[in-house]
Amino acid sequence: MSLHGGRVAALLAWVNSTKVCPDPLNDLSQLQDCSVFIRIIHKIHGSKEGESVLEQPLPERISFIHGFLQKHCRHKLAAENLVSAQKLLDGEELALAKVAVLLLYHTSVSSKSPGDWNEFDYRTQVELASILKFVLDNEECLNENLEPFLQRKAELSLSSGSSSSFEEHSPPFSLPHKRELHFLEPQRITFPGTNLPSTPSSPMGDIMQTPQFQLRRLKEQLAFERENREELEVEVAENHKRIMEKDAQITTMQQRIDRLVKLNEKQAEDLLEPKEMEELREKNESLVGRLHEAFRQCQDLRTEKAQMDRKINQLSEENGDLSFKLREIASNMVQLQRALNELSEEHNTAMAQSQEKQRQLEKELHGALQDKKCSEEKIEILQGKISMLEDQLAKLEECSTQEKGEVMGDILKLEELKQEVSSLTAKGARLEEEKQQLDSLVTSLQNSLSESHRARERLKRDLQAQAAEEQA
């Protein structure tokens, strides 16, 4: 199965953004010699081995990349199976794409990204954010899911006028009810009282502000501090071992000096020849000099050990502070996210109900307007008839009594028309009153929806501000 074109293009765009190769890459096959990956590791992560490894054959380069992934990318046990050395040696594009995904993920969560995400276009940011989101959600089962993800066809079109999402994989947070995370539609939130034009949002910025991503970044920092502490402890243990060895050497030399001193004393008593005494004295002085040098080295090691101890204590305190802050931040984020989710549910429910209610009210309003229009037309017709009959009555007043009796039926018919008109100008009043009530209900419903939307946006801004504060 061929690779997903959009994701491959986004990975190549990210690789090009690191500016480790003179010419931009436009195909995964250009990564076959693995030199670009090694340059990225050397530039972003400061690996001193990178330059020398570039001069080694391809198998050694692949081994270096494997070692880096196992050490830094939090997939230590899975790295060997996740990226096959043989497939990299064969230049398989799927294996090359996997390495690019892991390096993108590591540079993002470790705050070592080389550039500004805004330099990418919106479509590329959507794909990069989709990749980061997928790795975050599938850390424990990346072996099984990464290949289908890189080969999956796009399920949604990414037109500039529609909202973009990466809901084709798993939900953003491990909350009781799983949800799908959608990017904001390509327009920014406007505050009350402003009328700003719609502009595209930043999908990479959005996903990096999520509690899930911020929590992963803090955990990575904590793991990095823990590894530094462990390395320092190993170094202190080695220095302590060297001190013990030096102490043993000093003790041995002191014993030898004591034996020589006793031997000198005995030889002096036995009246040894001056030449032999001089040789013993020189040997003794040499041993004393070596002893002083050993004392000096031991003192240096003790000073270095004291400095290491202070540094370990400082790191332990910082580690405790970070752990406490991490627990506090995680608790705050969970609470804020739960509140946001509850408000979103209420907002969505209210939105659906209000839309249904508004449709019903608009339907009733339309019916009332139609009734009013029919009544007005009927009134106009009746008024025309009344006017005509009134004209006839005026003429009848000039006629004889007999003629008036003949048209008495028209007069009764006229009275009935007047009553019908009166009943209609009343029905029309009721319809107008109902129309005003319906207009009032629609306005009230729209105000309620606006207030719910503003409350939801305020909570979302609070959550984003909390995430930004934690990142700082």
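Buried, in this talk, means under 20% relative accessible area; exposed means over 50%, and partly exposed sits in between, with a 1.4 Å probe and protein chains only. Hold on to that for cysteine 34, which at 1% relative accessibility counts as buried.

Now the ground rules. This is a predicted model: local features need pLDDT of at least 70, side-chain atom pairs count only at pLDDT 80 or more, and totals for chains, interfaces and linings use all residues. Residues are numbered from 1 along each chain as its sequence is written, and side-chain values use heavy atoms, with hydrogens and water left out.

The overall picture. The chain has 14 helices and 0 strands. Helices here are DSSP runs of H or I, at least four residues; strands are runs of E, at least two; numbering starts at the N terminus. Of the 472 residues, 37% are buried. The chain exposes about 28200 Å², and carbon and sulfur atoms supply 50% of that. Those areas are Shrake-Rupley, with a 1.4 Å probe, and for residues only the protein chains shown count as cover. Contact means heavy atoms within 4.5 Å. Take contacts between residues at least 6 apart in sequence: 73% join residues at least 24 apart.

Next, the core. A nonpolar core is a set of buried Ala, Val, Leu, Ile, Met, Phe, Trp, Tyr and Cys residues joined through side-chain atoms within 4.5 Å. Which members of the largest one touch the most others? Leu31 and Phe37, out of 57 residues. Helices α1, α2, α4, α7, α8, α9 and α10 each supply at least two residues. The largest share, 12 residues, comes from α7. A second, separate core has 10 residues, including Leu260, Leu287, Ala294 and Leu301.

Look at α2, residues 35-45. It is largely enclosed by the rest of the structure, because 8 of its 11 residues are buried. Among them are Phe37, Ile38, Ile41 and His45. Leave aside neighbours within four places in sequence, and Phe37 contacts Leu31, Ile65, Leu96, Val99, Ala100 and Leu103.

Follow Ile65. It sits in helix α4. At 2% relative accessibility, Ile65 counts as buried. With neighbours within four places set aside, Ile65 contacts Cys34, Phe37, Ile38 and Val99. Ile65 and Ile41 are 24 residues apart in sequence, and 8.6 Å apart C-alpha to C-alpha.

Back to Cys34. It lies in the loop between α1 and α2. Buried or exposed, at 60% relative accessibility? Lys19 counts as exposed.

One more loop. Aspartate 90 is between α6 and α7. At 56% relative accessibility, Asp90 counts as exposed. Its C-alpha is 9.9 Å from that of Asp33, 57 residues away along the chain.

Last, a helix pair. The axes of α1, residues 5-17, and α8, residues 122-137, come within 9 Å and cross at roughly 95 degrees. Axes are lines fitted to C-alpha atoms, for helices over the stretch in contact, with angles from 0 to 180 degrees between N-to-C directions. α1 and α8 are therefore roughly perpendicular. Under 35 degrees would be roughly parallel, over 145 roughly antiparallel, 65 to 115 is roughly perpendicular, and the rest is oblique. On α1, the contact includes Arg7, Leu11 and Trp14; on α8, it includes Glu127, Leu128 and Ile131.
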